[in-house]
Amino acid sequence: MSTDYQYVPEPALVKGDHSFGSITDLIAKTPLSPTPKLWYLAFGLANILLITLLGAIGYLIWDGIGIWGLNNPAGWGWAIINFVWWVGIGHAGTLISAILFLFRQGWRTAINRFAEAMTIFAVMCAGIFPAIHVGRIWVIYWVFPIPNQMAAWPNFSSPLLWDVFAVSTYFTVSLLFWYVGLIPDFATLRDKTKSKVAKITYGIASLGWTGSFRNWWNYEKAYMILAGLATPLVLSVHTIVSFDFAVSVIPGWHSTIFPPYFVAGAIYSGFAMVLTLMLIARKIYGLEDIMNIDIMEKMNLVMMITGNLVAFAYLMEGFIAWYSGYIYEQGIFWLYVVGPYAWGFWILMFCNVVTPQFLWFKKIRRNVAITFVISIIVNIGMWFERFMISVASLSTDFMPSAWDYYSPTFWDIITYIGTFGLFFTFFLLFLRFMPMVAIAEVKGVMPQADPHNYDEETNEFDIEKTKPVVVQQEQTV
Amino acid sequence: MSEEVKNPNYWKSLGELARNEEYEKYVEREFPENATELNDKVSRRSFLRVMGASIALAGFAACRRPVQKIVPFSKQPEDLVEGVPQYYASASPFQDAVTGIVVENNSGRPTKIEGNEMHPASSGNTSIFGQAEILNMYDPDRSRYVRKNGERSSVSAFAKFCSDHFSNTDQNIAFVSEANSSPTYNRLKDQAMDQFSNAQWITYEPFGEDNALEGTNIAFGERLRTYNKYDEADVIVSFDDDFLNPAADKNSVENTKRFTDRRRVMSEDDDMSRFYAVESTFSITGSNADNRLRIKSGEIELFIYALAAELSNSVSGLSAFSGYSNKFSDHEWVSVLTEELLDNRGDSILTVGRDHKPELHATVAAINVALGNDGQAVDYLEVPHADNQNNREAFAGLAEDLNNDNVDTVVLVGANPAFTAPADLNFEEALSNARQVIHLSNYYDETSKLANWHLNRAHFLEAWGDGYSYSGTRSIIQPQIEPLYSGISEIEFLNIILNGEQTKGYDIVQDTWQDYYTNDFTSQWNKALHDGLAGEETFSVASVSISSAFNSQASDFISNADPSEGMELVIRPDSTVFDGRFANNGWLQEQPKPMTKITWDNVALMSKKTADELGVKEAGLGKAEVEVISITVDGTTLEIPAWVQPGHADDSITITVGYGREGVGRVANKTGVDTYPLRTTDNMHFASNVSVEKTGKTYEIASTQDHNTMEGRSLLRHATLQEYRENPNFSTYESAYDAEMPGVAYAEEHGEDDPLSIFNPIDEQEYPEDEPQWGMSIDLNTCTGCGVCTIACTAENNIPVVGKREVSRGREMHWIRNDRYFDGDVNDPKALHQPVPCMHCELAPCEQVCPVAATTHSDDGMNQMTYNRCIGTRYCANNCPYKVRRFNFFNYTKEFLTGGDDPEIVQMAMNPEVTVRFRGVMEKCTYCVQRVNRAKINRSIDTNGETKKPKDGAVETACQQACPADAIYFGDLTDPESEVVKTKKNNRNYLLLEELNTRPRTSYLAKVRNPNPKLA
């Protein structure tokens, strides 16, 4: 049987017959045109939820942690679940922008800006919880190593302290990375806007960007360095979040599989959240050409892989419980399966183990509606994963006499819902005033960015010239 | 009262003080104004008033010292150092028995009750009621003033009324009083009976000793008190007798002490008694049994007769039973018990529950005598104050008299019959027929509201009194503080009625004691005050023989024996609120009931099988809502939540009384269900053929333990005595799991002493040589599960009451909890008790995870909690494998201490040596660090700084001190001679969750049972 090897050209990352100019127009259109009514509606709803969140936090600080459903065995409940959940969601952005950047994955450009913004807002939502869940928020600064007259110093062996550093570093680097990427695009908006206020604002934000060679040189280097810095953080932040659990003695927590398992789960949920948001945004803002089905399929593949990694971790937990012969680990696994929170476990199993299996099918991977549904199911599943870890493990640990059942209160639920208000308030502001796709970067992956294909004489694109080029030319925008 | 220095009054006694006008005014005033003064910390005036009063009253030298009210101590009173608590002996009365106590006073405030080591009924320990009395006294809901027809009046007005009203000595007077052993009280009682020609006196207790006294009357022809010395018996058989429970036996502390003394097994060569329990409800006493048989309470009668019949073949005196047989005659228990009792003649005790019929008490007494146990382990005591009448019949007679309009005046000394009287007597209505009703009580309660005169009663910590212990040791009750609400004691009250004038309790008591001490009164009185008891003297032991009348009566009651058909209802006093008198005590409401771990409610207990038949589901983890059933007895229906009690007899339901009160106090109101309506003169304690139905309603129960089995985890290790002898090391990890402890092999291979830990602070943390190293061990063999450790800890460590809602959310604050596990068949399990305080791990998982280092290790090896540093992440509690940390989810202390209109009052009950914790911080057992540090400082002073290691026994934790079973040992581990080191070297010693390598400083001595192999 003769084998015919053929060079398969990768499909174009940006669909449609776009020129650089049309891409700029497509993306810059949103921040530059008047605010649509629908946006006000969405922003109003988000604001109501945000105010609800602030109210819930205010009442929490006023009255005490007791307004939540926590009890004696379960010292951590929805607050910590939400924290881990939001941090996990916050994983996708930096993974997409940093790691995929270093791996030269051009398709990332369609979603990186969007995902990074999501990351930052998700980490903001996450960061609220460890702060407000403490009993005495007014002295929370004691977790920072601030020299003080009490000669009191934080306890560096506490994973909670590691968390403080991990999350704050992650947030800072993500923010910087995002902002650096935004500089050329802010300059584009500055140049295109007719509004004086916008011009000044975008002008300040673009830090005097001129588009010079030197600007580009510094930009590319800075972006590369930040990508390098952000890459280990992608792995470290959720590793350290997992240490909150793994370093303890509690069965169901005390497990060496937690760091990789948490990172995989975080990527899984992060991609799901990006998909959820992207599939809505591409429709509303008409970005189907950039955030196209090919991109969606690639993201589905990432979800499939990480989803199966997570499923494997669940299996391993069961296996290790049996294999270790450790009765408490066996006890907690059995309680997951048939115990008081078994309903949560089976929701989790359906969402996180069964659902990703659909993604083996290309048709499903390329189906927008099903992908949208799956992305939501995955995020529900990932929430329940954290629920099982936090609550079920704590409620039913070593001493059966101390077991108690945890159930959330109105305030737990409203605080969680309120964080969506915070998230969407910022996210809608982002959609409204910032370029939601990295204009400069997406142009870099368009065929036009490979100028050797370009017949300068006829001023036409010639597909016949798709051959390796000898001379690399500088990109222009 | 004004703060000015004006006509300084000098007074010797409160009697003198009472007669001055200023005092009258003070009496008239309500407390809050005083409270404001008390609140002013720098007010010398208010401080001295409280101080002066307590010294004048409490110290034996103080009675003579004139206390100037205005000027501060120009001469420091002897022994008074500010900040150092003072201790005064007194006695705590409960029904007609007092227990010797020592009261800790801080700046004139009694703050903690401890047992009096010299007193035989206490031996230094207390019951949960004894501990809770402090809070009873500082109860802001107690009645604060005299009421005449509901309107505010005064004691002097009442005295005026009395001198007029009681001048007619021919009127029909009925005195209804609580049981009281006080010689002074009984002297006044005798005086009353002399003074009023048409008076009757009824001692009314809803749960009293009447049947037992009546029983000995049948058996011996004399009303004698049964005094079981459980330490002197090799075999104990209890028929529904919950003698370890303070709610079921007024001598429970001594009983526990004696019972556990005989069961303390410190090596495999030691012997222990064998205890058989035959009962319906699974009681704490039953949970300590070696062999337990569950039968309906109604069948106990048949069982006892069957046993008597079997015994009658071998011993004389039980001829009435010979040849008798019933369904239990072939029961294996009857033959086994017969054999066992005959083998241990003279060394056994048979005892029957207080509430059972006199006939059963008579039979059991006869068996005891027939076996020669009397004069050995069982004594029959002549109690001088025991009435020569059947008080239950007399009380029913009073209701009839009232209905027939034959009573002019009813004087109620304490007691709350409007709430507790048998429902069929309709006492509330009957009482309205009396022309005058006078009621002395702690609360403005159900009965007070029907009375013409309500007098607010002084608590025993506020007033002079006296009393006899169960076995007859006489004590003086000395007040620790001036009455908070100017109440009067029962003896002052009776004195007003009899003499028409106010006399101070101090004088009245002294009048009585003049008879005891005819010469050298002062020094003898002072000695009795100081010691808390007047010598060794006890009630005289009667020499008894089975009366000839007994055997003829016996044949009657055998033939009348009720076969107990259908569903049975057992009505018992509640193990925490008793007959309702403690219903307003937050500590007791929050104290988990020993067997069910329920707080704040009463329920209907039933076996799993009965519950299944009724279709009632079991509560459990995540199922706090339980089903409500309706119980109908003789046409009266009551709805009450149902609770599955493994080990309960089938076809039997137990309910407890004392709940569902109205208009009494903030704590008591609307808590639980009032079950008294089901109680009638015929069915005082038991009813048969009751109908029970599911209502379909549900009700939330706050239980502190939702899961009742150990899930195969070897947390509470136990063995039979035989197993212990075969394998003295049965409590090790290797024996418990039949596997080597993980990590040990690795450690040995690598030449390390202990298993590895990734965090190994022990290597870095060298304990200083000059520091003691504290450790605790808890002997599960003697622990009865009574829970007094919990309430003693609550009292000592200012632990707030959080309420039912918070408990039901799993937020109880108790620093030491009492775990109760069921083991074995769900219908007939064994119950095991395990107190769990902080383990003070050397490698504490909590310390490792706190981000701000708020919980750290001290030089003396304690795991400490720094409240001020805590930010409240709760990570420490999560990481505690023993789950002993407690979080202040709300500002519980503030709510507890500043709630209501008189916040200062409950605050006075707080221990000034222990910080109260605010919202958002973690707390837990401190090994009573305040006591430890005081002992260290004292030791350092005593030795001129040479050492700060207190002598063994110099520090007792609150739980240890209160424990009547002496199950808790605490001391310095660096002292090889200390008791705690000895117990830790015992082969039964084991560490809880040892495999986690937390290296706890608290360890346990495994439990040993001594079951009869024939009944296995």
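Predicted model: local features only at pLDDT ≥ 70, side-chain atom pairs only at ≥ 80, totals over all residues.
**Stop 1: where chain A meets chain B**

Show both chains and select the residues at their contact. On chain A there are 41 residues in contact with 46 residues of chain B. Two elements of chain A give two or more residues to this side: α6 (159-192) and α11 (327-338). Of these, α6(A) supplies the largest share, three residues. Colour the chain A side by residue class to find 25 nonpolar, 12 polar and four charged residues.

**Stop 2: α10 and α11 of chain A**

To display the contact, select A:E317, A:G318, A:I320, A:A321, A:W322 and A:S324 on α10(A), then A:E329, A:Q330 and A:F333 on α11(A). By class, these residues divide into four nonpolar, three polar and two charged.

**Stop 3: α3 of chain A**

Now select residues 78-89 of chain A, which form helix α3. How far apart are its end C-alpha atoms? They are 16 Å apart, which agrees with the 16 Å that 12 residues should span at 1.5 Å a residue. A residue counts as buried if 20 or more other C-beta atoms lie within 10 Å of its own. In α3(A), 12 of the 12 residues are buried, so the helix is largely enclosed by the rest of the structure. Among the buried residues are A:W78, A:W85 and A:W86, along with A:F83, A:N82 and A:G88.

**Stop 4: α5 and α27 of chain B**

Move to chain B and select helix α5, residues 128-137, with helix α27, residues 788-796. The angle between them is about 20 degrees and their axes are 9 Å apart. Angles under 35 degrees count as roughly parallel, and α5(B) and α27(B) are therefore roughly parallel to each other. The crossing of α5(B) and α27(B) is left-handed. On the α5(B) side, show B:I128, B:Q131, B:A132 and B:I134; they meet B:V788, B:I791, B:A792 and B:A795 of α27(B). The contact of α5(B) with α27(B) has seven nonpolar residues, one polar residue and no charged residues.

**Stop 5: α7 and α17 of chain B**

The next pair is helix α7, residues 183-195, and helix α17, residues 490-499, both of chain B. They pack at an angle of about 20 degrees, with 10 Å between their axes. α7(B) and α17(B) are therefore roughly parallel to each other, and α7(B) passes α17(B) in a left-handed crossing. From α7(B), select B:T184, B:Y185, B:L188, B:Q191, B:A192 and B:Q195; from α17(B), select B:E490, B:I491, B:L494, B:N495 and B:L498. This contact of α7(B) with α17(B) has six nonpolar, four polar and one charged residues.

**Stop 6: two positive phi angles in chain B**

Select B:D240, in the loop between β11 (235-239) and α9 (252-261) of chain B. B:D240 is not a glycine, although its phi is positive, about 60 degrees. Is B:D240 buried or exposed? With 31 C-beta neighbours inside 10 Å, B:D240 counts as buried.

Then go to B:H840, in the loop between β33 (830-836) and α29 (845-849) of chain B. Phi of B:H840 is near 50 degrees, again a positive value in a residue other than glycine. B:H840 is buried, with 25 other C-beta atoms within 10 Å.

**Stop 7**

In strand β38 (residues 968-972) of chain B, pick B:G971. B:G971 is buried, with 28 other C-beta atoms within 10 Å. Leaving aside residues up to four places away in sequence, B:G971 touches B:G775, B:D952, B:S978, B:E979 and B:V980. For a distance check, its C-alpha atom is separated by 23 Å from that of B:E847, 124 residues apart along the chain.

End at B:L342, in helix α12 (residues 332-343) of chain B. B:L342 is partly exposed, with 15 other C-beta atoms within 10 Å. The C-alpha atoms of B:L342 and B:S283 are separated by 27 Å, and these residues are 59 residues apart along the chain.

Note on methods. Residues numbered from 1 in each chain as written. Chains lettered and ligands numbered in written order. Contact = placed C-beta atoms within 7 Å. Helix = DSSP H or I, 4+ residues; strand = E, 2+ residues; numbered from the N terminus. Nonpolar A, V, L, I, M, F, W, Y, C, P; charged D, E, K, R; others polar. Axes fitted to C-alpha atoms, helices over the stretch in contact; angles between N-to-C directions. Parallel < 35°, antiparallel > 145°, perpendicular 65-115°, else oblique. Left-handed = near helix turned anticlockwise from the far one by under 90°. Expected span 1.5 Å × (residues − 1).
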